[in-house]
Amino acid sequence: MSAILIIEQVLNGLQFGVMLFLMAAGLTLIFGVMGLINLAHGSLYMVGAFAAAAVAGVTGSFVLALAAAMGAAAIAGVLVETLVIRRLYRADHLDQVLATFALILIFSEGTRWAFGSFPLFLDTPSWASGPVTLPGGIEYPKYRLMLIGVGLAVAAGLGLLITRTRIGIQIRAGENDREMIAALGVDISRLYTLVFALGAALAGLAGALVGAIQSVQVGMGEPVLILAFVVIVIGGIGSIKGALIGAILVGLTDTLGGIFLPEVFKLFMAPAGATATGSALASMAIYILMGAVLIWRPTGLFGARP
Amino acid sequence: MIRETWLNAATLTLLVAVPAWALVVDEPFTITLATRAVIFAIAAVGLNIALGLGGLVSLGHAAFFGIGGYAMGILAHHAQTYVPLEIGPLTLAGTKSMPVIWLTAMVTSGLAALLIGMLSLRTAGVYFIMITLAFGQMFYFFAISWPAYGGEDGLSIYVRNGFPGLNTLVPIQFYGLCLGVLLLVLGGMFLLARSPFGLALNAARQAPGRVETVGLNGQRVKLVAFVISGVITGLAGALFADLNRFVAPTMFSWQMSGELIIFIILGGTARLFGPVIGACVFVLLEHLLGGLSEFWLVYLGALLLIVVLFARGGIVGLLSGRRAVHD
């Protein structure tokens, strides 16, 4: 187990984490401001990936594909918000779960109908493929390094948006007291649509960026959605900072657990059994992390204390 | 008699009459469909104890459904391969006997529900939904990455397990057994909802503060309800695995949890027969729409949206003319 391998895996974990952050940030904003649990967020991720694959297939430009992904996901988000979600803000969580579950069915089967069941492929752009040599002689894929950069840049931008702009003030005010900011003359339904579109665009961006290293297929959004839930539970609902730290924790735990747990078990078990036990435990590692955080802090690391 | 009672009576009549008709005209596939509906109904009635009575929106009940399924799969697998099951120092023989399998399924899913419930009930509302979903997913990934029992491919059981005095290989006899379990569970649910425990659970949902003031531990009441709910769903899982003679990680999938909730909402929350009617309608839709179009889930999604947005109270609420029992 060399230092190079460890650094590589840490970078992989970081890359996975920042992509989870793009999903979790939208979810946590939507929950924080509108009090809505949106299961269909994974569908917006999928919409982004499919839009990117379609546009890249026609134009061959990766930048255009990313723009299309964000645009398509934002448009889908606005449509869904105005047609369905808007009626659910006052409903209880059970209705929200069910209605957004219904939206997943419609999105998934609709996409399957439009694009077929076979996965699409989105290539990494030529200017970002191939390895780059990091200080210390570590070779690492340029594209994955770019993902880390994009993720951290989005996190910084989102932080500035929330803390430094007028929209950010309204979003924070909306998290604290919805009735009051409506009474102060903020067009609350426009703010809701805007937040939803922002969350959707981030999900779409994540879908397109990850779609280039995995395949683009129906159902790709839901596993990520559930991991994003784990992230939010760990970080605390409504907190962007919590989403970032939670996402990186989950990304690192999942990646490093998958690599190192089987090795750890090999220290005291037969190799075959160690690999099986280690990888089975690794698949549960993030949920065990979540359970531990819950025992320590039921509202997450940065969640509001009740 | 109020209309809901008539509706319940009609449902029961259909549950007996349709398979009887299928037996007469020799349509074994209809009996299999009915068995599927009845087993789903058992699972949904189980979930309804937590969700309807306790207000605990669990999006992870597939965990218990799957544990029940694997309890059957693992025991029957060891029986059919004649390899004893070794758990640490213990050596157990596999079994093909349904009562033993059911008991194992209920105990293991009850223990899992106790653990998940203790952790999840530290939170409420939307956290609870996300956490139960995540724990459900944990079991899914564990089942996929654990190679001893088939991993992603699942386990096939060659011959359906036996029940003393019955030939479970005959579809109508297995159906009768499942219907009997459903009736027992429904009877239990009826008594539970009216028992002091059921009243305390109802109160803990509606006014947790007052329940504490009266001196009841509301959280403990909810935890017990969650465990009972998990036990029943686990039993349904064992029956479902026996129906298919196959278990796979898909029994743990979050879609399964979603479908269990759909049964309840489609039928009507916190109503005795709501989940039964919901499960029957779902299986019927799955069969009819699935035959019409490959993309039948789009129509199901649209139907669900309509129920949530416009028909609160589900089918029972619509037909019995009463609004939702509670929000």
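Start by selecting A:Arg86 and A:Glu81: they form a salt bridge, with their closest N and O atoms 3.3 Å apart. Here a salt bridge is a side-chain nitrogen of Lys or Arg within 4 Å of a carboxyl oxygen of Asp or Glu. Before you move on, note that this is a predicted model, where local features need pLDDT of at least 70 and side-chain atom pairs count only at pLDDT 80 or more. To find your way, residues are numbered from 1 along each chain as its sequence is written, and chains are lettered from A in the order in which they are written.

Now look at the surroundings of this pair. A:Arg86 is partly exposed, at 35% relative accessibility, while A:Glu81 is buried, at 0%. Buried means under 20% relative accessible area, exposed over 50%, and partly exposed in between (1.4 Å probe, protein chains only).

Next, select A:Arg112 and A:Glu109. Their salt bridge has its closest N and O atoms 3.2 Å apart. Both residues sit in helix 4 (residues 93-115) of chain A, three residues apart, about one turn of the helix. Helices are DSSP runs (H or I, at least four residues), numbered from the N terminus. A:Arg112 is partly exposed at 26%, and A:Glu109 is buried at 6%.

Now hop over to chain B. Which residue does B:Glu286 meet in a salt bridge? Select B:Arg36: the N to O distance is 3.0 Å. B:Glu286 belongs to helix 11 (residues 274-292) of chain B and B:Arg36 to helix 2 (residues 28-53) of chain B, so the pair ties together parts that are 250 residues apart in sequence. B:Glu286 is partly exposed at 22%, and B:Arg36 is partly exposed at 22%.

Notes: Heavy atoms only, no water. Helix = DSSP H or I, 4+ residues; strand = E, 2+ residues; numbered from the N terminus.
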